[in-house]
Each structure stands twice: as C-alpha cells, then as structure tokens.
Amino acid sequence: MDYSFPRETLWRTASKITISAHLFGILANIFMLIWLLHYREGMDLDSSNPYRIFNVHPFLMLFGFIFLIGEAMMAYKTVSADRQTQKFVHMFLNLSALVLGIVGIHATFKFHDKMNMIDMYSLHSWIGIGTFCLFILQWLFGFSLFVFPKASAVTRARLAPWHVFGGRALLYMAICAAETGLMQKFTFLQLTNNRESYLINFLALAILLFGITVDISVSLGRFA
C-alpha cells in the first residue's frame with residue numbers, strides 16, 4: 001500500500017507555508033522599521049549622529065540579508081516558473097543580499113570608529129561575520145558550479161544537495177546572529193517592561209518564524 005502524499009497536496013501545503021513565510025518576513029521588517037524610526041532616531045549612513053549610522057546595520061542585515069536570502073530560497077523551490085527563471089531570480093536575490101550585507105556591516109564598523117569602540121568583541125559579531133564570509137563562499141560556489149563556467153551535469157547533481165544544505169544552514173546562522181544582536185542591544189539599552197522591549201521581543205519571534213516557515217516551505221517544495 002502506498003502511503004505517500006500526492007504531489008498536489010504537498011504543493012498546496014508548501015504554498016500555504018510560503019505565504020506564511022512572506023507574512024512573517026514582512027511583519028519582521030515592519031517591526032524593525034517601527035523600532036528604528038520611532039524609538040531609535042532613524043537611519044542615516046552619512047549622519048553626524050553615530051546612532052543613526054548604526055541603525056542602518058540592523059535594518060540592512062534583516063531586510064537586505066535574512067529576508068532576501070529566505071526569498072531567494074523560496075523563489076527557487078516554491079514559485080511556478082521555468083528552471084532558468086528560478087535560477088536567475090535565486091542568484092539575483094542572493095547577490096542583492098550580499099551587496100546590502102556589505103553596506104550593513106560597513107555601518108557597524110563606521111559606528112565603532114566614531115565611538116572609539118573595539119571591533120569584533122562579541123559572540124554576535126563572531127557569528128555574524130562568520131556567516132557572512134561563508135555566504136560569500138556559498139554564492140561563489142553556486143555561481144561557478146551552476147551558472148558560469150558551470151560544472152558537468154554529474155558534478156552538479158552530486159554537489160547540489162550540499163549547496164542546498166549550506167543555504168539552509170546559513171539562513172539559520174544569520175537568524176542566530178540577528179537574535180544575539182537583538183539580545184545584545186536589549187542589554188545595552190537596559191530595557192525592562194516597556195513597549196520598546198515588547199517590540200524587540202516580537203521582532204525576534206517574527207524573524208525566527210520567518211526562518212522556520214522558509215525552511216519548511218522549501219523542504220516541501222523539493223518533494224512537490
């Protein structure tokens with residue numbers, strides 16, 4: 001007796017979870033903007049106010065890195081399009097995440113320089129920079145293997161699962177960096193039981209749920 005789920009059922013389930021992932025991602029970005037614009041003086045990379053410079057970092061690392069990476073993963077497995085279109089959108093979104101991530105990291109170093117602070121001293125920074133460096137290698141690996149100069153079909157088939165697993169691991173590493181960063185900021189600001197503290201908590205939950213729903217939707221999409 002065949003107990004496997006029909007592909008149509010898996011596809012419908014993956015589509016519903018993908019919608020949830022989009023919603024959690026949008027919600028996380030909205031929470032981030034409310035926090036930075038309403039509670040933390042806004043964002044400006046060229047501001048004379050170092051805190052406004054720093055605020056560019058959390059926004060770009062969420063929207064420009066975590067959110068776009070998740071969207072790139074879903075675009076390749078849960079969007080109805082031909083394989084070449086999926087591949088191009090996947091590559092472009094990841095490249096956009098890479099560029100915006102560079103700007104986001106630059107904002108942190110610029111903030112530390114203005115405040116005469118030591119760089120790379122926290123667990124958050126170690127996880128974050130490690131994730132970013134591995135992401136660069138992942139993108140270069142994927143581009144050279146699947147786009148140009150492009151490996152043989154046998155090599156691509158053998159290494160594709162490692163590329164997929166690496167992408168999933170990097171998404172969770174990026175989320176881990178975001179969560180530790182929010183906790184670090186929470187501690188620095190000495191927040192207690194107020195609206196800002198609740199907002200940060202809900203932001204962290206939305207980021208986590210975004211990552212989980214992205215991973216589930218992509219996993220189901222592979223079987224569908």
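Before any angles, my convention: axes are lines fitted to C-alpha atoms, for helices over the stretch in contact, and angles run from 0 to 180 degrees between N-to-C directions. Helices are DSSP runs (H or I, at least four residues), numbered from the N terminus.

Housekeeping: this is a predicted model, where local features need pLDDT of at least 70, side-chain atom pairs count only at pLDDT 80 or more, and totals for chains, interfaces and linings use all residues. Residues are numbered from 1 along each chain as its sequence is written, and side-chain values use heavy atoms, with hydrogens and water left out.

**Helix packing**

I started with helix 5 and helix 6, which pack at about 155° with their axes 9 Å apart. That makes helix 5 roughly antiparallel to helix 6 (under 35 degrees counts as roughly parallel, over 145 as roughly antiparallel, 65 to 115 as roughly perpendicular, the rest as oblique). The crossing of this pair is left-handed, meaning the near helix is turned anticlockwise from the far one by less than a right angle. Sorted by class, the contact of helix 5 with helix 6 has 13 nonpolar, 12 polar and 1 charged residues. For the classes, Ala, Val, Leu, Ile, Met, Phe, Trp, Tyr, Cys and Pro count as nonpolar, Asp, Glu, Lys and Arg as charged, and the others, Gly among them, as polar.

Next, helix 3 (residues 56-77) and helix 4 (residues 83-115): their axes come within 8 Å and cross at roughly 165°. So helix 3 is roughly antiparallel to helix 4.

What about helix 3 and helix 6? Their axes come within 10 Å and cross at roughly 160°, so helix 3 is roughly antiparallel to helix 6 too. Helix 3 passes helix 6 in a left-handed crossing.

**Helix 6 itself**

Where does helix 6 bend? I found about 40° at L159, with a proline, P161, following within four residues; the bend is the angle between axes fitted to the seven residues ending there and the seven starting there. Just after helix 6, Q190 takes a positive phi of about 55°.

**Loops**

I looked up the F148 to P149 peptide bond, cis or trans? It is cis, with omega about 0°. P149 sits in the loop between helix 5 and helix 6. E41, not a glycine, also has a positive phi, near 75°, and belongs to the loop between helix 1 (7-39) and helix 2 (50-54).

**Rings**

My pair rule takes rings of Phe, Tyr and Trp (its six-membered ring) with centres within 6.5 Å; planes under 30 degrees apart are stacked, over 60 edge-to-face, the rest tilted. The count comes to 9 aromatic pairs. One of them, W139 with F143, is stacked, at 5.2 Å centre to centre and 10° between the planes. Both lie in helix 5 (residues 123-146), 4 residues apart, about one turn of the helix.

Conventions: Helix = DSSP H or I, 4+ residues; strand = E, 2+ residues; numbered from the N terminus.
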